[in-house]
Amino acid sequence: MSDETQIENFEQEEPLVDVENDGEFPEGHDDDYLPPTVEGNDGNRLQFDLIVGSTLDGWIGTPNGNLPFRQSADLKNFKALTTDNVVIMGRKTLDSIGRLLPNRLNVIMTKDPINLSAWLEEDEKRLNGAPQPLIVASFAELERRLPDYIDESKKLFIIGGDSIYKQALVELDVQRIWHTVVQTTIAEASAETGWARFDVPSDYVELMERGTYPADDKNQFPYVFRALTKKA
């Protein structure tokens, strides 16, 4: 995601993969493909989930902000988890997507809210049928303001980019990581040349893995869905 990675052109005019109308899940998937029911927040402090797709060696974004793979199933998994919930992203991730994600409250982290508001107003298509976004400058502001916008049934997903992931894991109560592991490596990738990466922290343990699914005409590489939870 450059600093933030693209969620492969979600709901753009000419998406590489149309996540709203892309037919069925890949052959071989059954009802077990869908993630378990996502429960809402409870307790005093907000709890967050993080959702990310990476290669086996941890790369999540190319230097120009694109995903380093083309995986329709990953996008469907993202949509199944986040629809009717809350997605939290950095400004560069929003720029790479090109518009707000519909049927979700979009929370955008930026130090320049005036510029962001102007960008959204320049083209009504950028709103994409989504409610007005919540714009915040820090995670502290997010935790202070977000409860006024949601009820306890909503799940809160950090969706990138890489610096937002790193910061969230330090500053927020991230309880679960939804991780698509794409079964390929990128030998030429390096942080020095602008590639973005994600490394699962050592204090998270695997909650479940749903097997390895093969590549097909909509999924460039084999892939694994994992869910990890924070150690008690």
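Just after helix 1, Asp 84 takes a positive phi of about 70°; helices here are DSSP runs of H or I with at least four residues, strands are E runs of at least two, and both are numbered from the N terminus. Keep in mind that this is a predicted model, where local features need pLDDT of at least 70, side-chain atom pairs count only at pLDDT 80 or more, and totals for chains, interfaces and linings use all residues. Residue numbers start from 1 along each chain as its sequence is written, and side-chain values use heavy atoms, with hydrogens and water left out.

**Helix 1**
- Helix 1 (residues 72-82) is mostly covered, with nine of its eleven residues buried, meaning under 20% relative accessible area, while exposed is over 50% and partly exposed lies in between (1.4 Å probe, protein chains only).
- Among the buried ones are Asp 74, Lys 76, Phe 78 and Leu 81.
- Their cover includes strand 1 (47-55), strand 3 (86-90), strand 6 (156-160), strand 7 (173-182) and strand 10 (223-230).

**Helix 5**
- In helix 5 (residues 162-171), the buried residues are Asp 162, Ile 164, Tyr 165 and Ala 168.
- They sit on the same side of helix 5 because they cover an arc of only 160° around the axis, taken from the directions from the helix axis to the C-beta atoms.
- Lys 166 and Val 170 are exposed on the other side of helix 5.

**Confidence**
- The chain averages a pLDDT of 84, and 81% of the residues score at least 70; pLDDT is the predictor's confidence in each residue, from 0 to 100.
- Over residues 1-37 the pLDDT is below 50, yet this stretch has 122 contacts in the model beyond near neighbours in sequence, a contact being heavy atoms within 4.5 Å.
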